[in-house]
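Biologist: Please walk me through this one, I'm new to reading models.

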Amino acid sequence: MRDIYSHADEVIVWLGESTPTKRAAMKLLRTASQHERPTSCFLQDIENLSLPSQQKLVFSLFNNDYFRRAWIIQEIAVASKLRIFCGSDSTSWEVAVACLTAWKETHSPNYQRPGILDPFDIVLGGNQVSIISPPPRNGRITLLNRVAELDSNRRAVAGRNPMALSTLLQVHWLALATDPRDRIFALLGVSRDCQEMKIDYKLSTWDVFLRALRHLVEDRGDLDMLICATGHRYRYYLLYAAPTAVVRPKCPSWMPAFYWMNSYDMWERCHEDPYKYTGAARPFSASKGYCARATIVEHPQSRMDMILGQGLHRATLTAVGVIIGELEAPLIYISTRSVTSLLPTSKLERYAKPKPTWLDGRILEKFGLPSDLSEWIQVIRIAFSYVVSLPLYRGQDPWVVAEPFWRTLVWNRTEQGDEAPDEWSSVFRVIIGGPEHIPPDYAPVTAEGTSLKPSERATAYVTPFLRAFAKLRETEHELHVSSVGPCMTRSGAASKESICIFLGCSVPVIVRPSRTLNPNRKDVKFVGTAYVHTFMYGSIAGLIETGVVETATFAIS
């Protein structure tokens with residue numbers, strides 16, 4: 001199949017019969033194709049049109065299920081020349097991509113938050129891995145991004161630097177395919193690292209996916225697939241996505257979400273990991289270059305499994321890792337609807353502080369922040385007061401304790417994806433202690449050149465930090481106290497669960513101990529990923545090499 005498209009003189013992208021709206025879109029493309037820089041032409045045209053008109057022109061062309069099909073990933077990637085046809089109108093692939101680029105540049109706030117790529121733009125096992133992402137809320141936007149993904153893959157293949165299978169799986173795991181096995185098979189021809197895998201329709205869907213996962217884990221030593229595992233949320237698949245009432249919960253907790261891939265609704269309800277920043281922050285590397293020492297062991301179906309029906313599969317992921325700590329108590333629950341304290345009422349009353357009067361809702365909105373942000377800050381202030389009172393930090397300078405706390409709140413990232421600056425320690429001091437902690441030389445002015453009012457000055461000073469934190473409200477997660485400091489986890493993690501670093505995984509994970517039958521290993525269930533600031537950049541490597549900590553074998557079921 002790859003050879004057919006790679007040797008063709010030209011490959012046609014057929015978007016169906018023309019309509020008046022599509023003809024207008026194609027006319028826009030043809031006009032721009034005559035310019036030396038089509039993107040600049042599109043920018044000018046888009047700015048001169050009303051938003052509804054833009055949507056009709058752009059979405060009519062790109063809002064097409066053609067771009068979601070699994071096999072067109074390979075067709076577009078390897079074609080020497082691509083041309084898009086809509087009815088009798090046609091244009092080059094490059095001009096269409098230029099139109100999409102212009103749309104993103106002009107209206108990016110309408111479809112994604114600044115500084116973050118869409119969750120489909122994940123690069124696992126690469127150099128930009130993070131923790132949690134919100135699901136896409138707009139199907140049309142997802143399809144627009146889809147074109148960009150296809151073009152990115154096309155450029156990678158043309159540059160003789162094709163993507164790894166792990167990356168392709170993450171980018172394209174919701175591709176449309178009548179046969180779910182094609183979601184793997186369609187990627188083999190454009191992947192750089194799975195030439196030994198062959199297309200074999202004699203294999204079951206489970207066997208095909210298991211073979212792909214074994215390639216990642218055992219051949220490449222890559223455990224970053226855990227970032228996309230369903231973990232403790234596997235029960236949601238029983239409620240929302242399983243074709244029968246008994247099948248999905250029997251799948252292992254470590255299984256990545258792309259094994260199911262049945263519907264957009266499933267993504268929206270269940271998939272929250274991960275996202276990739278577009279900035280210049282250091283990539284997370286919790287295991288610091290260690291390759292995974294892991295295997296996948298499949299267990300035969302029991303007689304009861306066979307009675308209940310097909311699809312019940314059991315497999316254990318055996319991996320080497322280190323337990324670095326234990327969750328102790330939840331502090332804050334963060335979601336799109338609220339930022340809520342999880343401390344007991346007695347502790348809330350004990351550590352409560354007066355609400356900051358300098359944060360006014362109207363001023364917050366003036367700086368592009370939610371008007372209820374003062375409530376969030378109050379929750380943060382209470383949580384911090386509680387943390388510094390714990391035995392782990394007793395006797396320490398509170399402002400020294402503050403640094404890992406505030407860096408965890410924003411995952412050590414600015415809104416733009418750069419690494420959080422050291423100056424934010426002073427910003428956090430203002431959030432906790434008030435405007436009197438603002439440096440005296442901080443003197444912002446209005447657009448007219450006049451000085452800001454005191455409350456506006458304080459709000460302006462803390463705004464970059466609050467924007468970074470506010471962005472995370474789009475995801476559902478929790479801040480916990482742990483034996484190794486503040487720990488951000490997916491919602492649903494519980495006290496007494498272990499924080500681990502598996503060799504070959506870029507981030508720490510939470511595991512739930514289960515019954516151990518083998519004294520030489522630890523039997524666990526996978527819960528989700530975590531952010532623990534002290535261990536995000538490879539400090540565990542030195543502890544392993546000096547013998548301070550010992551590795552252990554975990555059996556994840």
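Biologist: In which sense do S1 and strand S2 pair, parallel or antiparallel?
Modeller: Parallel, over four bridges, with S2 covering residues 82-86. Strands pair here if DSSP finds at least two bridges between them. The names come from DSSP runs numbered from the N terminus: helices are H or I with at least four residues, strands are E with at least two.

Biologist: Anything to know before we go on?
Modeller: This is a predicted model, so local features need pLDDT of at least 70 and side-chain atom pairs count only at pLDDT 80 or more, while totals for chains, interfaces and linings use all residues. Residues are numbered from 1 along each chain as its sequence is written, and side-chain values use heavy atoms, with hydrogens and water left out.

Biologist: Back to that sheet. In what order do its three strands come?
Modeller: The order is S1-S2-S3, in an open sheet with mixed pairing. S1 (11-14) and S3 (89-92) are the edge strands with a single partner strand each, so one side of each has no neighbour in the sheet. On average, neighbouring strands here are turned by 30° against each other, direction ignored.

Biologist: Which helix lies across S2 and S3?
Modeller: That's H2, residues 20-33, running at about 40° to S3. Axes are lines fitted to C-alpha atoms, for helices over the stretch in contact, and angles run from 0 to 180 degrees between N-to-C directions.

Biologist: New topic. How many residues of helix H8 are buried?
Modeller: Eight of its eight, residues 165-172. Leu-165, Gln-170 and His-172 are among them. Buried means under 20% relative accessible area, exposed over 50%, and partly exposed in between, using a 1.4 Å probe and protein chains only.

Biologist: And what about strand S8, how many of its residues are buried?
Modeller: Six of six, across residues 485-490. S8 pairs with S7 (residues 477-482) in the antiparallel sense over six bridges, and two residues sit between them in a hairpin. His-477 faces Arg-490 of S8. S8 also pairs with S11 (residues 522-531), again antiparallel, over two bridges, where Met-488 has Tyr-531 as its bridge partner.

Biologist: Which residues touch the most other members of the largest nonpolar core?
Modeller: Leu-223, Trp-254 and Phe-502, out of 132 residues. Such a core is a set of buried Ala, Val, Leu, Ile, Met, Phe, Trp, Tyr and Cys residues joined through side-chain atoms within 4.5 Å. Apart from it there's another core of 17 residues, including Val-322 and Ile-544.

Biologist: What does Leu-223 contact?
Modeller: Beyond its neighbours within four places in sequence, its contacts include Val-217, Ala-292, Leu-317 and Phe-502. Contact means heavy atoms within 4.5 Å.

Biologist: Last one: what is the phi of Lys-288 near?
Modeller: It's near 45°, a positive value in a residue other than glycine. Most residues other than glycine have a negative phi. Trp-411 has a positive phi too, near 55°.
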